[in-house]
Amino acid sequence: MSKLKITTPSDREIAMTREFNAPRQLVWDAHTKPELVRQWLLGPPGWSMPVCKIDLRVGGSYRYEWRNDKDGTTMAMGGTYKEVKPIERIVQTEKFDDPWYEGEATGTMVLKEQGSKTILTTTVRYASQAVRDSVIKSGMTTGVEQSFDRLESEVLAARRPA
């Protein structure tokens with residue numbers, strides 16, 4: 001059973017929610033420190049992230065570049081930080097170099113701590129309902145699930161307090 005819950009809060013949004021067995025600070029670090037991001041934000045097995053640049057401040061930017069280690073295929077995206085509230089919330093734009101959907105998206109990540117666990121909700125707002133629907137149909141949720149599973153088992157588990 002999937003630990004990732006997908007909802008559509010509006011006609012232009014996808015919300016992805018997942019509980020992690022880790023304190024909020026660790027989940028925040030895993031999303032904001034390049035050395036940690038490149039360990040888990042990879043999608044399907046066989047991909048790596050040779051470029052991960054994060055300038056975490058309002059007006060700062062980020063850039064992710066992925067590589068399929070088997071055939072050399074690459075994919076890249078980046079954006080600008082619109083809001084940064086440490087260990088609680090990040091709002092950022094998102095645009096792929098080779099756009100597979102129309103327009104620019106805006107993602108909002110919210111972290112809520114509940115005891116020793118953290119609830120992460122990322123809501124992405126797209127240019128239109130048609131774009132949102134095409135993203136859902138693309139199968140991207142499988143890649144998100146695989147990345148979040150890797151985050152839980154390989155990054156957070158290794159850093160969680162005993």
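This dialogue goes through a few features of a predicted model.

Student: What should I know before reading the values?

Tutor: This is a predicted model, in which local features need pLDDT of at least 70 and side-chain atom pairs count only at pLDDT 80 or more, while totals for chains, interfaces and linings use all residues. Residues are numbered from 1 along each chain as its sequence is written, and side-chain values use heavy atoms, with hydrogens and water left out.

Student: Which residues have the most contacts inside the largest nonpolar core?

Tutor: A nonpolar core is a set of buried Ala, Val, Leu, Ile, Met, Phe, Trp, Tyr and Cys residues joined through side-chain atoms within 4.5 Å. Buried means under 20% relative accessible area, exposed over 50%, and partly exposed in between, with a 1.4 Å probe and protein chains only. Here the largest such core has 38 residues, and those with the most contacts inside it are Tyr 64, Tyr 126, Phe 148, Leu 151 and Leu 156. Its largest share, 6 residues, comes from helix H4 (residues 140–159). Helices are DSSP runs of H or I with at least four residues, numbered from the N terminus.

Student: How do H1 and H4 pack?

Tutor: Two packed helices are described by the angle between their axes and the distance between the axes. The axes are lines fitted to C-alpha atoms over the stretch in contact, and angles run from 0 to 180 degrees between N-to-C directions. For H1 (residues 24–32) and H4, the angle is about 120° and the axes are 11 Å apart. Contact means heavy atoms within 4.5 Å. Leu 26, Val 27, Ala 30 and His 31 in H1 meet Phe 148, Leu 151, Val 155, Leu 156 and Arg 159 in H4.

Student: How many aromatic pairs are found in the whole structure?

Tutor: Rings of Phe, Tyr and Trp (its six-membered ring) pair if their centres lie within 6.5 Å; planes under 30 degrees apart count as stacked, over 60 as edge-to-face and the rest as tilted. The search finds 7 aromatic pairs. In one of them, the ring centres of Trp 40 and Phe 148 are 6.0 Å apart and the planes are at 35°, so the pair is tilted. Trp 40 lies in helix H2 (residues 34–40) and Phe 148 in helix H4, so this pair ties together parts 108 residues apart in sequence. Both residues, Trp 40 and Phe 148, are buried.

Student: Is Glu 145 buried or partly exposed?

Tutor: Glu 145, which lies in helix H4, has a relative accessible area of 24% and is therefore partly exposed.

Definitions and conventions:
Helix = DSSP H or I, 4+ residues; strand = E, 2+ residues; numbered from the N terminus.
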